[in-house]
Each structure stands twice: as C-alpha cells, then as structure tokens.
Amino acid sequence: MLHDVTLISTIAIGFVLAFAFGYAAQRFRLPPLVGYALAGIVIGPFTPGFVADPAITGQLAEIGVMLLMFGVGLHFSLADLMAVRRIAVPGAILQIALATLLGIALTHFWGWSLGAGLVLGLSLSVASTVVLLKALEERNAVSTPNGRVAVGWLIVEDLAMVLALVLLPAFAPALGGHVPDDGHGSAHASLLANLGDTAIKVSAFVLIVLFFGPRVMPWLLRQVARTGSRELFTLCVLAVALGIAFGSAKLFDVSFALGAFFAGVVLSESDLSHRAAENSLPLQDAFAVLFFVSVGVLFDPSILINQPGHVAAVVALIILGKALIALGIVAALGYPLHTGLIAAASLAQIGEFSFILAGLGLSYQLLPVEGLSLVLAGALLSITLNPLAFACIDRLDPWLASLGGPRWKALYSEGRGGRFARFQTELETARRLAAEKAAEHKTFSPDELVRQFPLFSSLTAEQRDVLLLHFETRRAQPGEHVIRTGDHADSVYFICSGEVEVIPPRRKDKIKLGAGAFFGEMALLDGGTRSADVIALDYSKFLTLSRRDFLRFLKRYPTLRDPIVALARERGAMNRKFLEDTAEPAAPVTSG
C-alpha cells in the first residue's frame, strides 16, 4: 500500500475479533468483556499472527477510559448514593482498605515493593459495576433493596478509585516509581510538595468546573439542541466530554479520567442529560470495547503456566478474600446476613477500574509487567466464575433462611437494631423522588393523554376509542417551531414525549411543558389565531386532534357538546388572564 493503515487495521481487526469472542462469551452466559479481552490477547505480542501497534492501542484505550468515565459521571446519582450511604460508604471504604492490605501482604511475601503491592491491592479491591449490573439484571434484582446496596457500594468504590487516580502521581516518587518530568521539576519534588501541588490543581479544576459548568454547559447544550441538528448535538456532547478531559490534563495536570468524569457530572445537571447519554452511548460502547481489547493486548498468557501460584493467590483474594470481608462488614454494621451474601457475590470480581489503575501503575514504574498480567488473569477468571457465585447464593438462600430459630431468621433477613427497616424507608423515599424525575421523560400513550385531558375526562371507554381514531402523529426536532403566533389555530397538541417552550408575546414569560402536557386546546372551539410561539426543546412526539375531526366527534355524541364547551370556555378565560397579567396558570395548559 502507498500509505500506512496501522490505525485502520488495529481498529478493524480489533472490532471483528471482539465481536466474535464477545458473541461466543455471551453464548456461554459470560459477560462480553471477557471475549473483548480475549480478542486483545489474540492480537497481542505474546501470541502468533497479527500484532497490534501498542502505541495506537494505548491511545485508543485512553479514549475508551475517557468515555467510560464520562458515562459514569453522566449517570452518577447523588440521590441513589445518599439512600444507601449508611451501609455503602463505610462498607466500601473498609472493604477497599482491608483488601488493599491483603494485596500488600501478598506481594510482600512475593518480594515486591510497597508501591507494587499498593497498586495491586487497590486494583484487586474494586469490582466492576458493568459486571454487577449485568448479574443483577439477569435476576431482576437491580431495584431490590439488596441490589441497590450492591450498586451503591460499587459507586463508592468508583469514587474512591477516581481519588486514587488523582493521588497516585503525587505518591509515585515516594513509593519508588517514576513520574515523567513535566518540565517544571515536579517529578523530583518531595511528597509534601507533590501533594500540595496536586491538591491545588485538582481543587482549582473542580471549583472551576463545578462553578462554571452548571451555568455554561446546560445552556450550551440547550442552544445546540435548538438548532435541530442531531449531528451537532452529538458533536457538542463529545466536544464537552473530550474537551474537558484533554483541557484538564493540559492546564491542571489532572488525569483524563477525572476530567471526563466531571464533564459527565456537569452535563448530568442538564434537562437534556438523557439525550446526551443516549447520543453518546454508541461511541462509549465502541471505545469501551477497544479499551478492553487494548488491555488484553498487554496480557501475557504464559503467566498462567509460569506462575500458577501467583494467579491462584490473586483469584483467591478476589473471590474468597473480598467476599468474606464484605460479609463480615455487613454483619458488623447490623444489616441482614442475606444482604451480606449479595454484597459478597457482587464484589467477587474485578473489571474496568482495575485495568485503569494497573495500567497507570505500570506507566509510573510502580507495578511490574507481570502485575498487569496478574490483574487481567484475575479479572478474566473472576468474571467467568461470578455467575457461579450468584448461583450458589440462590441455592443456599432458602436453606440458610430456614436454619435455627426466630433469632437466627431475624438476623438473616432483618439484621439488628432496625437498621434495615430504616434503610428500606429511606430507599422508598429515594425511589419515589427518582420516579418523579423519570416522569419528566416518560412517553405517554394516546389513551393516557386523553384520560388526563380535562375536556375529555368524562368520556366513556367507547367514546375514547372513537376519539383516538382521529388522532394524528407529529414529530419535532429541537429548535423547531411547532406553533407560531398568528398562525391559524386548527389543532390541539398532546405531548407524548419530549419538551417544548411556550413563548407568549411578552418574551420574558416563557413556560416549559413536558410529556403529558398539552397546548393549543382553544383551537378546538374558536378556530382563531395562535396567541404564542411554541418551540421544541427536545426531540418531541405529539398527538394532534384537528378542529374538524373534533366537531365530527361532537356531532356523533351531541350530549357531550355542552359540558365540553363550558369547560373549554372556562379554561380559555384562564389562559387569556394569564397572558394579560403573567400570573401562573392553574394547570399545564398554555397557548390557544
């Protein structure tokens, strides 16, 4: 060929093999990421055949890390974390500390340095949220109290690992590692100076992002959404994610991972965060696959033969050590033993953060090359065996629940001191608030819209069915004018999904309407002109009912005409009064 296609060949072969191995793993009821890592092993330097360029795979992995962390930040829910804080926060911190100490003790026995032991211990202490969610989804247990505890526990672990990624460069020189010199002599500074420098830079970055981010980023997202261009909106999301990550690294010496995480946290405050998550998901998935492939490229399979004892010890620490630690912590905190068993199975594996941390330790010369291979071997084996851990708990649960007397049964199912009961109450409150927030993005069916429309609330089931035959569907992109002031009023609009903004002649008096609301209802009777502009703020779907079809409906059911007309006149007077004095309307109706 006349030009270099190393990047193309790496991506193409990586995707093809990742798909093949990922599909095979799925058929064997294993998480696909096991197959992705195996694909990386196949194209790595330790196996025959095509060898991927390590420099290119490293950069692709970095993009994967940024998008993974952006997704973590975008879906980060402080409300979910607060609901399980009494068990998840102390449990996760204690579990990380104890598992890390076990890792340090294990590597000390092997003759490794303290820095290597610390990195390996931290890498083995954190479980994969992706793997856990997959296991809980298969059991329909994500929304159960025990499922929420496990997810909250791993959220705390993820946050702790974000902190570890920030602090590791500062501690690396003191632990015997080497941080590349940035031109300011920071690589040779003392530990105290490194910590101080890191604290100042990270604090400045966090303050700037959290102060300006919620004020600028949602506004920017909204302006781009109003252009109506799906491509520009997706590009804006990626520009924010990668731009903040890259800028934070260049300006504040903050890791790409931390910058991308805060970019996601900032965008999560926007009303369009659900759309941002949806639009960025394909790229997140694609580069996450390449991340796991790139990790597999670094794995040397010969370690399974040359150091089987080391591999067995790592797997034992992950599956048995962490599980027993989690069970003991849950019991000590006074929560049910059944919850402890679920936490134990949830933590008996490692994943994406382990790879990120081990890779960083390798780049800072803290972790030997075999350490990364041990982490990957532990991940592959523990993820493969994790479904078996949950299956064992499913089988043991009825037997354990039936053991002993009432005291044992209460200890197993309810815990001590009423802590679990209080936790369930707090969880129910958090669930209700989350449901209210989710309702903002709910898609309403035609029947639901008609039932809650005041003019049609008295219709019988037969009358609703007849009326629904007259509805038509319309869609609008962000920024599109649905209604303009002065247009002929010929239809009422029901919002199935999305969001619109109603702008009366006085431009400062704007109203936002979400799914389930309606506007333009006065068109059904007076057929005059529109009194306000209505602009779509999101990708929206409407059901419309024309005045002509509505009058036909009333002709078929003449007894409905008088009460509907009377109610419409009343609501019309309310709308006109609102337009005159800008007082808040009594219901979510707006323009005529």
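Tutor: Let's begin with a term. A helix here is a DSSP run of H or I that covers at least four residues, and helices are numbered from the N terminus. Keep in mind that the model is predicted.

Student: Thanks! In which helix is Phe-211 found?

Tutor: Phe-211 lies in helix α9, which covers residues 191-225.

Student: Is Phe-211 buried, partly exposed or exposed?

Tutor: The general idea is to compare relative accessible area with two cut-offs: under 20% is buried, over 50% is exposed, and anything in between is partly exposed. Phe-211 has a value of 44%, so Phe-211 is partly exposed. Phe-211 also belongs to a nonpolar surface patch of about 360 Å², together with Ile-208, Phe-212 and Val-216.

Student: Let me try another helix residue. Where is Ile-155 found, and is Ile-155 buried or exposed?

Tutor: Ile-155 sits in helix α8, residues 145-171. Its relative accessible area is 17%, so Ile-155 is buried. Sequence distance and spatial distance can also be read side by side: Ile-155 and Ala-92 are 63 residues apart in sequence, with their C-alpha atoms 8.9 Å apart in space.

Student: Now the strands. What is the order of the strands in the open sheet?

Tutor: The four strands follow the order β1-β8-β3-β6, and their pairing is antiparallel. The edge strands are β1 (472-476) and β6, each of which pairs on one side only.

Student: How many bridges join β3 to β8?

Tutor: Six bridges join these antiparallel strands, with β8 covering residues 540-546. To read the pairing residue by residue, look for partners: Phe-494 has Leu-543 as its bridge partner in β8, and Val-492 stands opposite Leu-545. β3 also pairs with β6 (residues 518-519) over two bridges, again in the antiparallel sense. There, Tyr-493 stands opposite Phe-519.

Student: Where do the side chains of a regular strand point?

Tutor: In a regular strand, side chains alternate between the two faces of the sheet.

Student: Why is β3 described as largely enclosed by the rest of the structure?

Tutor: Because seven of its seven residues, 491-497, are buried.

Student: What about charged residues? How many salt bridges does the structure hold?

Tutor: The structure holds four. To find one, look for a side-chain nitrogen of Lys or Arg within 4 Å of a carboxyl oxygen of Asp or Glu. Arg-530 and Asp-490 make such a pair, with the closest N and O atoms 3.9 Å apart. This pair links distant parts of the chain, 40 residues apart: Arg-530 is in the loop between β6 and β7 (533-536), and Asp-490 is in the loop between β2 (481-483) and β3. Arg-530, at 4% relative accessibility, counts as buried, whereas Asp-490, at 37%, counts as partly exposed.

Student: Which residues do salt bridges with shared partners join into one network?

Tutor: First take the pairs. Arg-552 forms a salt bridge with Asp-549, the closest N and O atoms being 3.7 Å apart. These two are three residues apart in helix α22 (residues 547-556), so about one helical turn separates them. Arg-548 also forms a salt bridge with Asp-549, at 4.0 Å between the closest N and O atoms. Arg-548 is exposed, at 55% relative accessible area, while Asp-549 is buried, at 9%. Shared partners therefore join Arg-548, Asp-549 and Arg-552 into one network of salt bridges.

Conventions. Residues are numbered from 1 along each chain as its sequence is written. This is a predicted model: local features need pLDDT of at least 70, side-chain atom pairs count only at pLDDT 80 or more; totals for chains, interfaces and linings use all residues. Side-chain values use heavy atoms; hydrogens and water are left out. Buried means under 20% relative accessible area, exposed over 50%, partly exposed in between (1.4 Å probe, protein chains only). Two strands pair if DSSP finds at least two bridges between them. Patches are made of residues with over 30% relative accessible area and no salt bridge: like charges are joined within 9 Å, nonpolar side chains (Val, Leu, Ile, Met, Phe, Trp, Tyr) within 5 Å. Accessible areas come from the Shrake-Rupley method with a 1.4 Å probe; for residues, only the protein chains shown count as cover.
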